[in-house]
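Subject: Structure for you to look at

Dear colleague,

I am handing over the structure below, and after it I set out what was found. Please keep the model open beside you while you read.

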Amino acid sequence: MTRFVQTGPSLRDPYTADPQLRGWLDRLLGEDGHAAAKQRLADLSAEVIGPLRAAHHDAETHPPALTRFDAWGRRIERVETSAGWQAQRAAAARHAVVALPYLPDARAAWGPGARVVQHALLHLWGPESATFSCPVAMADGAAALLTQTGAQRQWLARLTSTDPAVAVTSGQWMTESQGGSDIARSTTTARPDGDGWRLTGDKWFCSAIDSAMAVALARPEGAGPGSRNLVPYLVPRYAADGVSPADGVQVLRLKDKLGTRAVPTGEVRLDGAEAFPLADPAAPGLATMMTLVVVTRLHNAAAAAGGMRRGLEYALGYAAERTVAGGILADNPLHRATLGGLAVDAAGAFALAMHGFALLGRAEHGDAAAAAELRLAAPLAKLATGRLAVASASEYLECFGGAGYVEDTGIPRLLRDAQVLPIWEGTTNVLSVDVLRALSGGDGAAPLLHRLTAAADAATHRLPGAAEALAGATARLAADAATAAADPRSTRVLAGARELALRLGHALTAALLLEHAAWAAERGDERPALLASLWILRRLGQADVSAELHEHLGQLM
Ligand SMILES: Cc1cc2nc3c(=O)[nH]c(=O)nc-3n(C[C@H](O)[C@H](O)[C@H](O)COP(=O)(O)OP(=O)(O)OC[C@H]3O[C@@H](n4cnc5c(N)ncnc54)[C@H](O)[C@@H]3O)c2cc1C
């Protein structure tokens, strides 16, 4: 008997096989800037389809374990992680996925664009990182915070080192069991102790608990209630030997999670743990913490976009191998339309995430207009890409039929890992409420509306249908944003916050895709215009574009 054995999906080199990534790098960095990044990107890409893919698999199949006591009852609280996890840790340092925007030579080469190059690295590496992208996000957030405040230079040097023997990552301890979104309910306290401080309280979700340090929120003794009065503190996780837990830091247990299984996520008890304030303990400190949170939210968007692109690659690879209804799945009109929709969504998520990193780089270099736009763009990027990632991941599984539901294909992980993206660093609703805050303060919706209007105007002659759809959406959004800004706490506005935020996010994506399309068209590349039009028809016009998705699938990649 001949037994049929299905060939699994192969993975192409993610850098050379991604014209959208390369096109955006050409535009945002200039061709010389992109050329200067090419070797870095090619080196990482080669590792992603080789040893890092194997390390990723190893880390996923050997989840971390906590040993709380040794044989004699001594408290050791050792978190054992796999060889694959350690390989990812070393790769993250070597490839500078945290360090790049802080390295003097990178800042000299690309200026604010170092954040753009960093996003490209994350896009290539994140999906095959066994979610080491999580500690990377938190380390980058901590590094941005230490850079901004000038505090703890010795920790900053380690967070941004490219030497695997020196580099460390950071945790971020905000959530308590009584409040993740509602951090005003935090009960962790900080009391002065000589020159330092001591923290006491329980933290409920502490990812990458193997990290050398964490940034923890606590309320200094005597500070008032509410979230604004919380202050970020740096907490060393280990004692001087680098192995034993620091005095007063206990890991109570590891979470048994749906996804991100290679990441050790712990519950932590702080019992007089040594800590160093990262903001003035006598003043409200939450605003300082937001420097970190904006960075990790953008990493979340990068993880969403990178995962969507990689899922697409796997689904396309499988479709090229699988036979249905007497033909190759990749030739089937209905399946092609399905893949085309996924390609358009992946392109939209990428544009939004990349825009966030570009704005962050400019804001960090003192560009006030970029900072004003980032205030709204960061929560929009995080929430819109998080929702897209979950919907796409579900579809990717379905693209594999039953095989997509079987663990050792590696495919179910796409869905399990995507589901965390809309939860941590602010759920969709919590970010939508943050969007209302952004709309009603500072420059409000003005920078965003300006971008939408300019993109629609610029596209009027070349893509009149898309331009008209975006202009119409912009007019409606301007009115709705004004209503929301006028009374952000009204029941009606709050109830509609998610809908409004998603519409804003999708319209911003449309504008970004159109901007890129205009640049590409001048160079004779019409593919970005096709992507922009299809995004706008699907997301702003709610049109059925299945026939176009089927017909143009090859150009959407
Ligand atoms: C895998 C994983 C890793 C994590 N790692 C970390 C970590 O390293 N550090 C850390 O600090 N935290 C971490 N978290 C915690 C995460 O940030 C919180 O779970 C998240 O912020 C939500 O908080 P919560 O669990 O208390 O849910 P809740 O805040 O109780 O939310 C419950 C529901 O209420 C809704 N809701 C809450 N507030 C509002 C509002 N104002 N308006 C409308 N709806 C609202 C939410 O959208 C949600 O649907 C992690 C979580 C996961 C799943």
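The lining of the second largest pocket divides into five nonpolar, five polar and eight charged residues, where Ala, Val, Leu, Ile, Met, Phe, Trp, Tyr, Cys and Pro count as nonpolar, Asp, Glu, Lys and Arg as charged, and the others, Gly among them, as polar. This is a predicted model, in which local features need pLDDT of at least 70 and side-chain atom pairs count only at pLDDT 80 or more, while totals for chains, interfaces and linings use all residues. Residues are numbered from 1 along each chain as its sequence is written, and side-chain values use heavy atoms, with hydrogens and water left out.

The second largest pocket holds about 440 Å³ of space, and of the 18 residues that line it, His57, Glu407, Thr409, Gly410 and Arg413 are the closest to its centre. Helices α2 (51-61) and α11 (412-418) each supply at least two residues of this lining, with the largest share, five residues, coming from α2. (On a 1 Å grid over the protein atoms alone, a pocket is an open set of points with protein on both sides within 12 Å along at least five of seven lines, whereas a cavity is a set of points where a 1.4 Å probe fits but cannot get out; lining residues have an atom within 4 Å of a point. Grid points are joined across faces, edges and corners, and a volume is the space filled by probe spheres set on the points. Helices are DSSP runs of H or I with at least four residues, and strands are runs of E with at least two, numbered from the N terminus.)

Ala65 has Glu80 in β2 as its bridge partner, and in the hairpin, with five residues between the strands, Gly73 takes a positive phi near 90°.

With best wishes

Key
Two strands pair if DSSP finds at least two bridges between them.
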